[in-house]
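Hello,

Here is the structure you are taking over.

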Amino acid sequence: MGNIKIIVLISGRGSNLKAIAEECKKKRTPAEIIAIISNNEFASGLKINGKFKKIVIKGKKKTFEKELQTNLIKLKPDLICLAGFMKILSPFIIKKWKNKIINVHPSLLPSFKGLDTHKRALETGVKISGCTIHFVNESLDEGPIIAQGAITIKKNMSSVDLQKEILKLEHIIYPKVIHLFSKKKILVKQNKVFINDKNKEINKFIKNV
Ligand code: GRF
């Protein structure tokens, strides 16, 4: 089985990109990042080293998306990972890459879609929060959920603390999803995700928190 080709879309720091790149180096994961694409030329994630192409696409939504689609069609990825990518993609892109775009969101979806997630979780007083890896569909943060990890919210936790704790989880769970996807173990049927995860890697982790 050859490597699956991944493109990672970023807008900033790229710590999830780094975690995905580390996973792709492992023998057990037949995947390679062929390109990273950023809408932000100053994204520090662009400094991360790897054999991948680094593409910066500037411009307003229409120009950006047209160029993005051209690049995607040219590079033919098997998987597109959004990792701190701060733009909402239009339906024409999502339709073309149906069930091939995944995102990481720093809350337990369907709670706290959108921005300012950590602050809103704390203000609401939820007792647990976490992260969600999901397929991207036409509705913001609503696509089929692949995996989630949860943490308990501790007393006096600030939104920065919460962000740090959740980010640690993202760095564990996103690579696991990449692994399972590369082994063709993630299936979507009628908008629901089924994972053939004999080692129960994802579930085991969720139970242990
Ligand atoms: C992460 O918290 C992710 O959940 C959110 O944006 C942040 C990106 O961080 N979508 P990084 O750029 O991967 O470090």
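**Salt bridges and exposure**

At 3% relative accessibility, E23 is buried (buried means under 20% relative accessible area, exposed over 50%, partly exposed in between, with a 1.4 Å probe and protein chains only). This is a predicted model, in which local features need pLDDT of at least 70 and side-chain atom pairs count only at pLDDT 80 or more, while totals for chains, interfaces and linings use all residues. Residues are numbered from 1 along each chain as its sequence is written, and side-chain values use heavy atoms, with hydrogens and water left out.

E23 forms a salt bridge with R28, at 3.1 Å from N to O. A salt bridge here is a side-chain nitrogen of Lys or Arg within 4 Å of a carboxyl oxygen of Asp or Glu. By that rule there are eight salt bridges. R28 is partly exposed, at 34% relative accessible area. A network of salt bridges links E23, K26 and R28.

Another salt bridge joins K119 and E123, whose closest N and O atoms are 3.4 Å apart. Both residues belong to helix α4 (residues 117-124), where a spacing of four residues puts about one helical turn between them. Helices are DSSP runs of H or I with at least four residues, strands are runs of E with at least two, and both are numbered from the N terminus. K119 is partly exposed at 46%, and E123 is exposed at 58%.

In helix α5 (residues 159-182), E165 and K168 are three residues apart, about one turn of the helix. Their side chains form a salt bridge of 3.0 Å, N to O. E165 is partly exposed, with a relative accessible area of 24%.

Regards
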